[in-house]
Amino acid sequence: MTDTTSSTPERRGGTPIGARAAARLDRLPPSRWHRRITFIVGIGAFFDLYEIFLGGVLAAALAEQWHLGHTAKSWVIAAGFLGMFVGANVLSVLADRFGRRRMFLVNLGAYAFFSLLCAAAPDLSWLLVLRFLSGLGLGAELVLVDTYLAEFLPRAVRGRYIAWAYTLGFVGVPVAALLGARLVAAHQLFGIEGWRWLLVAGALGAAFLQLMRRQLPESPRWLTVHGRGEEAERIVAGLEERVVRERGGSLPSVPEAETVPERKVPLAEMFRGEQRRRTVMWWIFQVLQTVGYYGFGSLAPVVLTAKGHTVTESLLYAALSFCGYPIGSALSIPLIDRIERRTLIIASALGIAGCGLAFGFATATATWAIVTFGFLLTVCSNVFSNAFHVYQTELFPTGLRSSAIGIAYSLSRLTSVVLPFAALSALTSLGAAAVFTGSALLMLLLCLDVALLGPRSTGRSLERI
């Protein structure tokens, strides 16, 4: 047993401090500090997910107020996703170059600014431009949430704590729909249209969170890769001191076998050896998961209006269905470190496919079926989502973790740009049943992709997977 390592020399046992930073973080017992950063980072996921599902709410509301046609409604949903596609590619790569903490501040600041401007948009053209720019700011938010927490959290609780972060974040989904139903139904509040208040709420909340995030330290794993071992040492040693003060006693020693030196990794490494297999698997996964996961959340209000419900009814039924997002996220917490991630992803994806079929085939008069299967679909969706968000942090080394995840994740955003046009066209010509049948088939392909190409990862050090 050893106690805190604040006085550790530059090398211990012949191993550089940088090589030991990851192992020292992994051996820490969970503490109040770990829970605090999980809360602060998880609240950021709230605004990303709030914004994503707000697209469907705005499309349903503005179709009536601004007399939008099929193509215009599709662009209201797609504009934010197009911005997220660009942001995910640019900001995630910059996070590997300039640091996780710095990009955390850049992305939320840009989102808050442009979302506030979006609330003042005078017409559709301005709305689409500003939705694109606010999406640009949020593009790497979930990538940074995953990367930052995975690089700080001990491996024994990595899955559970990231699942807790997303449980906080997913409260934003029913909130967006419930606020949408209430504000859109009221039409105006203090003389301002209700949908504008939804954008103001997101902007002000993100600005407040940015102030909280200024207290976050940089990732020691990232610092180590960039040759800043002394800074990494100070952060790790300070964290060890906090844990010792909180829990008393001493910390377990770090076995030499656990110390794996970190290094800079060129982006081209994604396409070499074992990393190439993982990259191909994850690119396919991100394209396919978008249809099953984001397709329902962003299109549900529009699907329900197509079934014959009013805008207010559609938003209410969607809000009740969306309550499954935080509940499913919470249900994943006791499962995520007990069941192999790959297995949990496949099982929950099959649940999404089955519930989606039941939702799509439900008749307009069967309100109980619409709400029940919509709710069950969202429960399965967030067991699925939390499992894959943890899993993707474990696939790539620190030197390219944010870039590799972000580039793959951007494909889901690009798919989300195309999805409204394809899905709404299919909805108009073929109906909801056909749309959700196609979605179910794509989720089956996703299961095969993960089963055949995905590595095992649960309970292992990031440096050993």
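Predicted model: local features only at pLDDT ≥ 70, side-chain atom pairs only at ≥ 80, totals over all residues.
## A walk through a helical chain

Let's start at a single side chain: leaving out residues up to four places away in sequence, Arg277 touches Leu452 and Leu453. Arg277 sits in helix 12, which covers residues 273-306.

The protein chain has 18 helices and four strands. It is 465 residues in length, and 60% of these count as buried. Among contacts with a separation of 6 or more, 86% are between residues 24 or more positions apart.

Helix 18 takes in residues 432-453, and the two partners of Arg277 are Leu452 and Leu453. With 22 residues, helix 18 reaches 32 Å from its first C-alpha to its last, close to the 32 Å expected at 1.5 Å a residue. Which residues of helix 18 are buried? They are Ala432, Val435, Phe436, Ser439, Ala440, Met443, Leu446, Cys447, Asp449 and Val450. As you look at that list, keep a general point in mind: an α-helix has 3.6 residues a turn, so residues three or four places apart point the same way.

Arg401 lies in helix 17, residues 401-429. What does Arg401 contact, leaving aside its neighbours within four places in sequence? Its partners are Asp96, Arg100, Thr147, Glu151, Thr393, Phe396 and Leu462.

One of those partners, Thr393, brings us to helix 16, which spans residues 367-393. Two packed helices are described by the angle between their axes and the distance between the axes. Helix 15, residues 341-361, packs against helix 16 at an angle of about 155 degrees, with the axes 8 Å apart. Angles over 145 degrees count as roughly antiparallel, so helix 15 and helix 16 are roughly antiparallel to each other. Their crossing is left-handed. By class, this contact has 18 nonpolar, five polar and two charged residues.

Helix 16 also meets helix 7, residues 158-170, where the two axes come within 9 Å and cross at roughly 130 degrees. Helix 7 and helix 16 are therefore oblique to each other. Here the crossing is right-handed. From helix 7, the residues at the contact are Gly159, Ile162, Ala163, Tyr166, Thr167 and Phe170, and from helix 16 they are Asn382, Ser385, Asn386, His389 and Val390. That makes five nonpolar, six polar and no charged residues.

A last stop is Leu133, which belongs to helix 5, residues 124-138. At 23% relative accessibility, Leu133 counts as partly exposed, because the cut-off for buried is under 20%. Leu133 and Ser115 are 18 residues apart in sequence, with 8.2 Å between their C-alpha atoms.

Definitions and conventions: Residues numbered from 1 in each chain as written. Heavy atoms only, no water. Helix = DSSP H or I, 4+ residues; strand = E, 2+ residues; numbered from the N terminus. Buried < 20%, exposed > 50% of the residue type's maximum accessible area, 1.4 Å probe, protein only. Contact = heavy atoms within 4.5 Å. Axes fitted to C-alpha atoms, helices over the stretch in contact; angles between N-to-C directions. Parallel < 35°, antiparallel > 145°, perpendicular 65-115°, else oblique. Left-handed = near helix turned anticlockwise from the far one by under 90°. Nonpolar A, V, L, I, M, F, W, Y, C, P; charged D, E, K, R; others polar. Expected span 1.5 Å × (residues − 1).
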